[in-house]
Amino acid sequence: MKALIIDDERLARKELTTLLEAHPSIEIVGEAMNADEAEKLIEELNPDLLFLDIQMPGRTGFQLLESLDSAPMVVFTTAYDQHALKAFEVNALDYLLKPIVAERLSEAVHKVMEKERIKSGRSGEKKLGLEDQVFVKDGERCWFVTLSNVRMFESDGNYIKVYFDTNRPMIHKSLNALDEKLDERAFFRASRKHIVNLSWVEGIEPWFNGGLMVKLRGGDKVEVSRRQAAKFKDMMSL
């Protein structure tokens with residue numbers, strides 16, 4: 001697994017690198033001392049795993065994750081235990097308190113290797129599919145959300161509302177930009193305002209002016225525009 005260490009303290013990076021020598025399944029492909037460096041390296045190296053400090057000069061670890069189109073697996077490493085609860089709220093794989101103890105690191109690596117969604121050799125241009133995860137931040141609340149759990153995206157001005165579970169947080173992105181990133185085999189642009197997860201479609205019925213009304217599991221309803229209706233029927237093999 002390709003891993004990136006992101007920490008503003010050189011000694012902390014060196015210590016973690018030394019500890020990880022005992023785990024040959026993890027390959028350290030790069031180091032970054034701040035979020036800006038990390039963002040560039042993530043784009044270049046496409047790591048499977050981040051060992052990520054939270055408090056750094058400039059942007060925090062959470063703000064870094066918020067800027068990524070899709071989030072790799074994350075193990076947080078920090079000296080500030082008050083962030084622990086928030087880290088687990090975002091469903092990180094683990095949370096290591098500095099100074100990192102070898103036994104705890106071993107537990108974290110075990111969790112990483114047990115995670116089924118381990119992919120290698122991914123292309124940076126790869127579309128986001130159902131097994132990919134995105135980082136969503138809304139105020140003080142943060143989540144890692146697997147796209148298979150997102151039933152719908154809804155445009156709201158300069159933001160997108162993300163529908164998963166009972167949550168509807170907003171992300172600052174255009175629906176057009178998101179549409180370009182998503183795998184069209186899994187997600188469908190129903191209209192100018194909505195993108196739906198095809199695996200959540202429960203029912204379809206004719207609607208006004210040649211359009212369709214799509215019912216999603218859980219009760220949400222989305223109108224498919226007339227222009228998109230024929231394509232949608234083809235996608236659903238109707």
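A cavity is a set of points, on a 1 Å grid over the protein atoms alone, where a 1.4 Å probe fits but cannot get out, and its lining residues have an atom within 4 Å of a point; grid points are joined across faces, edges and corners, and a volume is the space filled by probe spheres set on the points. The model you have open is predicted, so local features need pLDDT of at least 70 and side-chain atom pairs count only at pLDDT 80 or more, while totals for chains, interfaces and linings use all residues. Residues are numbered from 1 along each chain as its sequence is written, and side-chain values use heavy atoms, with hydrogens and water left out.

To find the largest cavity, select its lining: Ile5, Ile6, Asp7, Ala12, Arg13, Glu15, Leu16, Phe51, Thr77, Lys98 and Ile100. Helix 1 (10-20) gives the most to this lining, with four residues; helices (H or I, at least four residues) and strands (E, at least two) are DSSP runs numbered from the N terminus.

Next, select Ile6, Leu52, Leu65 and Phe76, which touch the most other members of the largest nonpolar core, a group of 24 residues. Such a core is a set of buried (under 20% relative accessible area, 1.4 Å probe, protein chains only) Ala, Val, Leu, Ile, Met, Phe, Trp, Tyr and Cys residues joined through side-chain atoms within 4.5 Å. Helix 2 (35-45) gives the most to this core, with four residues.

Finally, select Leu128, Val136, Leu147 and Leu182, which are among the 18 residues of another core lying apart from it.

Technical notes: Buried < 20%, exposed > 50% of the residue type's maximum accessible area, 1.4 Å probe, protein only. 1 Å grid on protein atoms, 1.4 Å probe; cavity = no way out; pocket = protein on both sides within 12 Å on 5 of 7 lines; lining within 4 Å.
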